[in-house]
Amino acid sequence: MKLFRDSILGMILFIMIPLAGWSQSMPARALDNVTIHTAEGKTIETGTIVWRNGIIEAIGSDVSIPFDAYVIDGGDSLYVYPGFIDGLALWASPDLPAKYSKPEAPGNPGYERAGIQPHRQPNKLLAKADSFKKARKHGFTTAALGLKGQMLPGQIDLFFVNGKDTGAYLIREGIGLSASFEQAPGSFGNGAYPATLMGVMARFRQLWYDAAALREQSAYYASVSSGYPVPARDEVLEALYPAMDKEQPLFFKADTKEHISRLFRLKDELDFNVVLVSGKEGFQQAEELRKRNIPVLASVDFPEEPGWRVKEREGEDEAEVTEEMRRFRERQLQAYQARITNIQRLIEAGVKVGYASNGMKIEDLKKHIQILMDEGGLSENQILAMLTQHTADILGIGDKTGDLKQGHVASFTVFTRPFTEAEAQALYSVSGGKLSEFEITTSEKEDKAE
Amino acid sequence: MHTYLSIILLSCLSLVITVEPAKAQITEKAEFGKFAITNATIHTVNSGVIEGGVVLIDGEKISYVGKNAKITADYTHIDASGKHVYPGLMDSGTLLGLLEISAVPVTNDQAELGEYNPHVLAFTAINPGSVAIPVTRVNGVTHVISLPVSGRISGKATLIDLYGYTPDSMAVRAKAALHINWPSAYKQGGWDDRKPEKIKEEYQKNIKELNEYWKKAGFYNKMMNEYEENSSGKTKPDQNRQLDAMREVIAGDIPVIISVERANDILDVIKWTREHKGAKFILAGVEEGWRVAEEIAEAGLPCLVSTLYTPVRDYDNYQRPYQNPGLLHKAGVKVAIATGETENVRNLPYHAGYAAAYGLGKEEALKAVTINPAEIFGVDDRLGSIETGKQANLIISDGDPFEPLTTIEQVFIRGYKIPMVSRHTQLYEEYLHRGAVKN
Amino acid sequence: MRIIVALMYALLGTFLSGHAQEKGSVLIKHGTVLTITNGEMENTDVLIERGIITEIGQGLVAPDGVETVDATGKYVMPGIIDAHSHIAGVHINEWTHPVTAEVTMEESVNPNDINIYWALAGGVTTINLMHGSANVIGGRNETLKLRYGAGLEELPFEGAPQTIKFALGENPTRVHGQGFGVQPRTRMGVEQVIREHFDAALDYKRRREAYLKAKKEYDNRPKGIPPLPVARNLRLEVLADIIDGKILVHCHSYRADEILMLMRVFEDYGIEGYTFQHANEAFKVAPELRKNGAHTSVFSDWWAYKFEVYYSTAYNASILNANGITNSINSDSGELIRHLNHEAAKTVHYGGTSVEEALKMITINPAIQLGIDNRVGSVEEGKHGDVAIWSGHPLSVYSMCEKTFIDGKKYFDRERDDDDMRLKIDPEADYEEPARRWYEREKYEDSCLQGAIVRFGEEGMSIQQGSY
């Protein structure tokens, strides 16, 4: 019902964006008197942003606002950041089945049961529209949306995070293929091939061989007039062609040092392009990632801080700490710190690092950003760049979005305080020029505009 | 093709022959009577080592140990020059006789259903025909504790020797101890995905249950005692088999083996045993005993432990399992070796050997498989050392029985001269020189 | 704070990165050297330079910069080789299909497994990391050197031939026949699964080669009808390689009849140089094994845990050895691997194998079975510097391994043995790890596959430990 109470503003915007082929100028919008932070690390005090047709027309501290611009006055107390970009988000994916039945022949389960679904398209399957709302409130204006799954869950489509009916806000489809080392779902009683890491490795290879053969047969078939067997259509294998041609990178999830090694091996053998997703222990492969020019859409889903450390910090008394416990804790802390400084070390090594939630709850982002700032060795600017321009670059849209620049897509978020601060709340979100307004409350925050 | 067929036939036949149950346990009858073992190095355990000594066996008992025996003609003479005589070894925790083939459930009698089964008796299910029994005893193991293992109170363990046609003849103590599985405050394995709070909650609940059961048994015992003392004017209380089975435990007539592994669990057990006076307690498993050895010693609880298992925690020193018996002993704990094995209880001497090498020392390790368990289970009047009047449980070997290179040449159990034969030796004899391919 | 953190990483980094295939040099003086292939040599020095044993003799002088270790009163023996192990594995069983030759344990190595260190502490330097026994033809195995701390890429034994796991009897028939209702349900079926797949591999090879030839011709000069592609098939390719003798077979087996069956099948397909693993009833068909040149790799004393090992004997190894079969003693267990010396000693105990022959069963014999006997398995000039120093004769229960070298580099030193030797730490791991009952350690663990322990790690669920 709230949606119907929305301001005129929302209605104007609604008709404004999705129309293709502009024949004439549409009214502009402007945000005035705000502190603007760019992905490059510049701060513009008392700045102004003007946008029209979803594109930033002007930005700076000395910008003249066009006569036809509808202006929001920030009153010098609001902070504007380029919209965050989720490099691989699963929050709009349908959930996986809670239970898997035992396949008839676990050794030949068929593609779907094996977790091989590279042909699936998120834009046709997206479920939870409310998750978009939530993403905007957390500062996201653009997201590469993937599907939950196993080895090859599906395609990745790029969206503006600005609509209820997301399909209409698709920027580009098939920017990559999701991939991981995950086995077919189920365990010993109800699992299927591939049930092991080594099985997954072998299955990847076999898929590539099968696709190559099918493709060749299709080519031969097309090249002769008659007398040649018609190739059987196979949407799964056909969906691999762009990856085989390196037109579509695999967004490959791998965390451990060893898994990343295995990924290198597979890549070298099958020759595909890779974006490393998650990469929680990427720092251990930082040099190799840099050499191979593989970007990382990093996870900030850090492990829980060791409980004893929290207690210690909060001055809680604890039972006697034995020498053995002390040593155990020392190493545990090292391991914990290695994980939270992963991104910093990747960046230092010269690896391009963007951000992917990849299953992490969006509510946890702020907490983890705080950890990155406090102990992860990253500055606010570095975090901002990771969440925006660097992710845009990795997704191949860095020339159009990712920063607040004239000519870029108008995607940004207006916060009540610097985004790294715990009390910061989003007041407005502009995604592809489309504005949403949020109610600021201490308890419940509601999406106002649509 | 003919060749293959005959080979197949032959292997089938040989299988059939070995399956024949009549031969399953005793392949030759044991001799019984009077035996004189002379010129032996006798490791008495209780009174040192006697070089060039004599042991006389008269029926079930040792009638003489020393240097200058008068050996009458009616003794069968065994010259043990250059040989060693030890008491038969005892394993303080096994499933021997209860479990034949672990992967074949119908041969598994070690785990009854239900959480509280103080009334079920391992003694009942001991299969004297178990193929593993001769296999075990020819390696020098003459006695075992066999225990039921399921639930909270698993039932009663039995102490048997490894010779006999019936459990009755094998039993040293038909009901040797009650077995309790202490509820752990930790995950039970990698598969255990309970949250810490849940584990804690269940742990407390389990202990509460155990306490209530114990209290109930105590009440029942008191009531029955009173009734039995003087029944006049009292209505006979209903009989309860389970609680009846607890009476001898509560009275301290038979001890309680508490299986517990983790350091903090052990501390809880110690506290618990102090709250349940009257009964006698023994700890078993005790893999982390070394972490709380002082506390165990102070509580005076004997421990049934072993050595051949991997460290409990990934960050434990690799030697800890080997060192555990030694560290416990050093703190003042009485230790006995319990392998927890079934078909390979025969490795008991090697468990002891590792304990000896890693801190327990040879002498103490020998005690841990002889006199210590005999004392712990209250049968040291009969077992555990080479002494006049004790049961004739002996092994004759060409060296240290803990060394795998040593051969056990003869075993006596309860005076019976055991045929040194088992399925394993029989198959060896038959197949060592099976003959040519066409045989 | 930042600086401290940075420093910590600097330290951690040097520890974790290790040094790729570092070869070491060391001179071990005055030891009793159990050469295996050349008897026992008292008061003898062994010089290892850059990973290779360069000299064995007396009065050797350490070259500049080479550390000297005094082994007076101690024994020096080659590193123990375990021909059947599942430590250091991520997953063990691709159990889903009766034939999974396409998978390889090379891609299932966990270099951080603490069991590696515990094995080193028992003088083990090389293992055959085997695939599990759920399938008639399982995955390929991987021969590893236990270079703990050197990382994933550095564990494989360079140049070792490929081997593959087969499995007969209860495990494959139970998993597939009984569990999933697909063949094989019986030992009859097991034979036909092997034959069918071998036939398919031969057909595949023929068709694939014909296609590649036709494709080459057509692509050069497109004329007539193009060839119909025959996709590369990893599974069949590996099977064809077995028939071509490029991959050595290590077959999990117990009963005499199934051992004979496989030898007949292999004779029909011309496969040689294979090893029967476990082979509890191999003693019953020793003459046939001998005739076919088959090897065996057995437990010292495991039996009766399942029906197919009920009629077996701890004298198996001795009978096989007496019948001239190259036999090794293996562990198949993270526990036994820590004292394989002691397991080998049991062959003396059961059946009177000589001490010399017993030692071969954990050194040169497994090396032969893995096709690496020209590089390891004995203390010989020119062989790898994989040796261990023992406090006493390694067949004594009281002897302890004191130092273990691989390629001349020390990977275990009892004098510098820390409590916590983990390489990788899960920051969320509990201080207290799960408990287990003392009477159900490893063997009786309730599990999916006999003896296989289901584990949940960061890399998902896995079935680990033995596959017996």
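In this predicted model, helix 4 (residues 187-220) and helix 5 (residues 234-243) of chain C pack at an angle of about 100°. Angles of 65 to 115 degrees count as roughly perpendicular, and the two helices are therefore roughly perpendicular to each other. Their axes lie 8 Å apart. Helix 4 of chain C contributes C:His197, C:Phe198, C:Ala200, C:Ala201, C:Leu202, C:Tyr204 and C:Lys205 to the contact. Helix 5 of chain C answers with C:Leu236, C:Leu239, C:Ala240 and C:Ile243. By class, the residues of this contact comprise 9 nonpolar, 1 polar and 1 charged.

Chain C as a whole contains 11 helices and 18 strands. Of its 468 residues, 60% are buried. Contacts in chain C between residues at least 6 apart in sequence were also examined; 68% of them join residues at least 24 apart.

Chain C also touches chain B. Here 60 residues of chain B are in contact with 58 residues of chain C. On the chain B side, two or more residues come from each of helix 1 (2-19), strand 11 (281-285), helix 10 (348-360) and helix 13 (423-431). Helix 1 of chain B gives the most, with 7 residues. The chain B side divides into 31 nonpolar, 17 polar and 12 charged residues.

In chain A, helix 11 (residues 323-340) has 18 residues. At 1.5 Å a residue, this helix should span 26 Å. Its end C-alpha atoms are 26 Å apart, which agrees. The buried residues of helix 11 of chain A are A:Phe328, A:Gln332, A:Ala335, A:Tyr336, A:Ala338, A:Arg339 and A:Ile340.

Note on methods: Residues numbered from 1 in each chain as written. Chains lettered and ligands numbered in written order. Predicted model: local features only at pLDDT ≥ 70, side-chain atom pairs only at ≥ 80, totals over all residues. Contact = placed C-beta atoms within 7 Å. Helix = DSSP H or I, 4+ residues; strand = E, 2+ residues; numbered from the N terminus. Nonpolar A, V, L, I, M, F, W, Y, C, P; charged D, E, K, R; others polar. Buried ≥ 20, exposed ≤ 12 C-beta atoms within 10 Å, placed from the backbone. Expected span 1.5 Å × (residues − 1). Axes fitted to C-alpha atoms, helices over the stretch in contact; angles between N-to-C directions. Parallel < 35°, antiparallel > 145°, perpendicular 65-115°, else oblique.
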